[in-house]
Amino acid sequence: MSDQATRRRAGQQRMERRYRRLLALYPKDHRREHAEEMVGVLLAAAAADDAQVRTPKPVAWALRFAEHTADSADLVAGALRIRGRMALNRIGRAGWFSRTARDQRWSDALAVVSVVAPLLLLVAALAEVHIPQAAASSVTGHPHWQLTAALGPADLPLAAGAPAVAALAFGRLRRTAGLAALAAAIGQVVSGVLRSAPAFTRYESPAVAFTVLLACTAAAALLLSPGPDRGLALLTRGGTALVGAGALILGGFSVGGTMWFGAASPPSFGFAGLGGEVAGLPGDLLIAAVLVTVAAACLRAPVSRRVLALLAIPVIPYAVLWQEKLAGDLFGSPSGGASTLIPTSVTMTYLLPLILAGLIVAGTWLARYRATGRARRVDPRTTSAGPPGTLRA
Amino acid sequence: MQEPTFLILTALAARAQHGYGIMTDVARISDGRVRLRAGTLYAALDRLKADGLVASDKEEIVDGRLRRYYRITDEGTQELAAEVGRLRANTAVAASRLGLAPGTA
């Protein structure tokens, strides 16, 4: 065998090894069925390309390199396409987006939250761009609040996401609304991470955590419940009043201070959370009173207790925000400083809500497990089976 | 229907072909404009098989390497015919709006 043939053979073996490494990206089943023929096709195509090249050596080498790089990139893209399609099929088969909570009371609670959470998210977004503030300003003639002119790309996930979620949710596109809420939550975290601002003004901020977790709660409620139609049917007059109160305190929190609570002097410090400036102990106490009243009213019935548990997830960072404001009002120092009653931390803003969400999921799972056990004890036919896999007539 | 899919089905409409044969035939049909690479070809074949438009035919070993042939199914033939009809109708409308005589488009 001539030197040239030996070199070509060695080059081909190197190429084959490289293609085989890339084929490892493909799913096992696909690899088992197609790997050998794909290698054959890749080598045949490479040999045909080599035969066609009639240029000086450096140019031929560059062309060959470009072809092999393009083939490698195409193999990676092909693997991603096949894996993506498999993942989508799996999701479709599992019916992830067509499942709802099995427990009727949780299903109803989620349905109520699928009405409340998108509305609160909308109010939070409006407050972020100072719309309630501007409305209050136009009614009262107070010059302090104006529509924010500094709406940047970082505000876009909430500013655009919240109206979209509300429109889709009430336009009977429940699952799309749920996915939009999820996208709004992810978008807020990503824009918070990318934002070049000091810590605790980005995604770690309780204000951002509140809207992120509210969007997550809205997503869960929309994806796992029958949707806003059922929620609206369940909301009594009292419930509607509670939703209104919740929206009012959220809007009030951001408008706050001199406008809502009649304080004589302008706010003593800039309160960046939710785009508003709030001051005044009466305001803090009113917010606390409304929250406690809403919570107490929710304790009365099983479904509303579950609504309370679900809404507590985003309300935890809101409470952190509230205690920051309370500390500011009591001690007169800016929020987030050393004088907050409880030091603000990522643990407080994200971990506690996540623990609560975990407890809810674990609690429902345990309840279902117990219920299944009880059903088996009551109906022994369900346990009188033979070995696993035995078919019964 | 995307162009690579259309061209793969067109290549297989004439006869059953193996992977490299499809690649060269697609290049020929498209006058060298579309060049399928292995990753794209096998991702498309995987999808077309899953959709029932293409099926595996015979296998052979050439130079110690596996060569699997693919053929278009009846469903694939119907799908391709429907796409040809759609393209022909669109082409006719485009040609008439451009004021072209039939056969010059």
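The area buried between chain A and chain B is about 1900 Å², buried area being the accessible area (1.4 Å probe) that two parts lose on being put together, summed over both. Carbon and sulfur atoms give 51% of this area. Three residues, A:Glu37, A:Val41 and A:Arg85, supply 29% of the area that chain A buries against chain B, more than any other three residues. The structure is a predicted model, in which local features need pLDDT of at least 70 and side-chain atom pairs count only at pLDDT 80 or more, whereas totals for chains, interfaces and linings use all residues. Residues are numbered from 1 along each chain as its sequence is written, chains are lettered from A in the order in which they are written, and side-chain values use heavy atoms, with hydrogens and water left out.

In terms of contact (heavy atoms within 4.5 Å), 27 residues of chain A meet 18 residues of chain B. The interface contains 15 residue pairs in polar contact, both residues being at pLDDT 80 or more. A polar contact is a pair of N or O atoms within 3.5 Å; within protein, one must be able to donate a hydrogen and the other to accept it, and residues adjacent in sequence count only if both atoms are side-chain atoms. On the side of chain A that touches chain B, helices H1 (3–23), H2 (28–52) and H3 (57–94) of chain A each supply at least two residues. H2(A) gives the most, with 15 residues. Helices here are DSSP runs (H or I, at least four residues), numbered from the N terminus. This side of chain A comprises 12 nonpolar, four polar and 11 charged residues. Ala, Val, Leu, Ile, Met, Phe, Trp, Tyr, Cys and Pro count as nonpolar, Asp, Glu, Lys and Arg as charged, and the others, Gly among them, as polar.

In the salt bridge between B:Arg37 and A:Glu67, the closest N and O atoms are 3.0 Å apart. B:Arg37 lies in the loop between helix H2 (19–29) and helix H3 (38–50) of chain B, and A:Glu67 in helix H3 of chain A, so the pair joins two chains.

Within chain A, residues including A:Leu110, A:Val113 and A:Leu121 in H4(A) meet residues of H8(A), among them A:Phe210, A:Leu214 and A:Ala218.

Conventions: A salt bridge is a side-chain nitrogen of Lys or Arg within 4 Å of a carboxyl oxygen of Asp or Glu.
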